[in-house]
Amino acid sequence: RAQTVAMQLRSSESASGGGWTGLVYRSGETAIARSYTLDNTVDRIGTGDAFAAGLLFRLLSGGTLQEAVEMATAAGCLKHLVNGDFLLASLAEVEELAGGGHGGRVKR
C-alpha cells in the first residue's frame with residue numbers, strides 16, 4: 001500500500017487564472033501548502049510533473065513534509081508560466097516562491 005500520497009489542488013476562475021495549492025499525506029501526517037493565485041497561465045501541460053519533481057527533490061534532499069509540499073506547489077505554479085512541457089526555472093526561483101516571497105501571487 002502507498003505510504004505517501006500527494007496531490008495538487010486547482011480552482012479555475014477563467015481560462016488563464018485560478019487558485020493552486022497542494023497537499024501531501026504520509027504515515028498519519030498531512031502537510032498543506034500555501035495557496036497561490038495565478039492570473040496569467042500560459043501552459044498547464046507539465047504542471048503535475050513539475051509538482052512531482054519538486055516534491056521528490058525536497059524529500060530526497062532531507063526536507064520535511066511541509067518543505068516538500070511547498071517546493072512541489074511552487075514548482076507547479078511556476079510551470080504555469082512557461083510554454084512547453086518542462087519547467088524552465090532555476091532552483092533559486094522555485095525556492096524563492098516556496099519561501100513565500102511573493103505573497104501568494106505568482107509572477108515571472
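Start by selecting Arg34 and Glu70: these two form a salt bridge, and their closest N and O atoms sit 3.0 Å apart. The pair links distant parts of the chain, with Arg34 in the loop between β3 (29-32) and β4 (36-38) and Glu70 in helix α2, 36 residues apart. Keep in mind that you're looking at a predicted model.

Is Glu70 buried or exposed? Glu70 counts as buried, because its relative accessibility is 10% and the cut-off for buried is under 20%. Arg34 is partly exposed, with a relative accessible area of 30%.

A search of the whole structure finds 2 salt bridges, so select Arg58 and Glu95 next, whose side chains meet at 2.8 Å, N to O. Arg58 lies in helix α1 and Glu95 in helix α3, so this pair ties together parts that are 37 residues apart in sequence. Arg58 is buried at 16% relative accessible area, while Glu95 is partly exposed at 34%.

Next stop: the largest pocket, which holds about 160 Å³ of space. Select some of its lining residues, including Ala50, Phe57, Met71 and Val94. Helix α1 (47-60) gives the largest share of the lining, 4 residues, and α1, α2 (65-79) and α3 (91-98) each supply at least two. What kinds of residues line this pocket? You'll find 9 nonpolar, 2 polar and no charged ones.

Finish on the outside by selecting Val5, Met7, Leu9 and Tyr25, a nonpolar surface patch with about 320 Å² of accessible area together. Strand β1 (residues 4-14) gives the most to the patch, 3 residues. Val5 sits in that strand and is partly exposed, at 38%.

Methods
Residues are numbered from 1 along each chain as its sequence is written. This is a predicted model: local features need pLDDT of at least 70, side-chain atom pairs count only at pLDDT 80 or more; totals for chains, interfaces and linings use all residues. Side-chain values use heavy atoms; hydrogens and water are left out. Patches are made of residues with over 30% relative accessible area and no salt bridge: like charges are joined within 9 Å, nonpolar side chains (Val, Leu, Ile, Met, Phe, Trp, Tyr) within 5 Å. Accessible areas come from the Shrake-Rupley method with a 1.4 Å probe; for residues, only the protein chains shown count as cover. A salt bridge is a side-chain nitrogen of Lys or Arg within 4 Å of a carboxyl oxygen of Asp or Glu. Buried means under 20% relative accessible area, exposed over 50%, partly exposed in between (1.4 Å probe, protein chains only). On a 1 Å grid over the protein atoms alone, a cavity is a set of points where a 1.4 Å probe fits but cannot get out, and a pocket is an open set with protein on both sides within 12 Å along at least five of seven lines; lining residues have an atom within 4 Å of a point. Grid points are joined across faces, edges and corners, and a volume is the space filled by probe spheres set on the points. Ala, Val, Leu, Ile, Met, Phe, Trp, Tyr, Cys and Pro count as nonpolar, Asp, Glu, Lys and Arg as charged, and the others, Gly among them, as polar.
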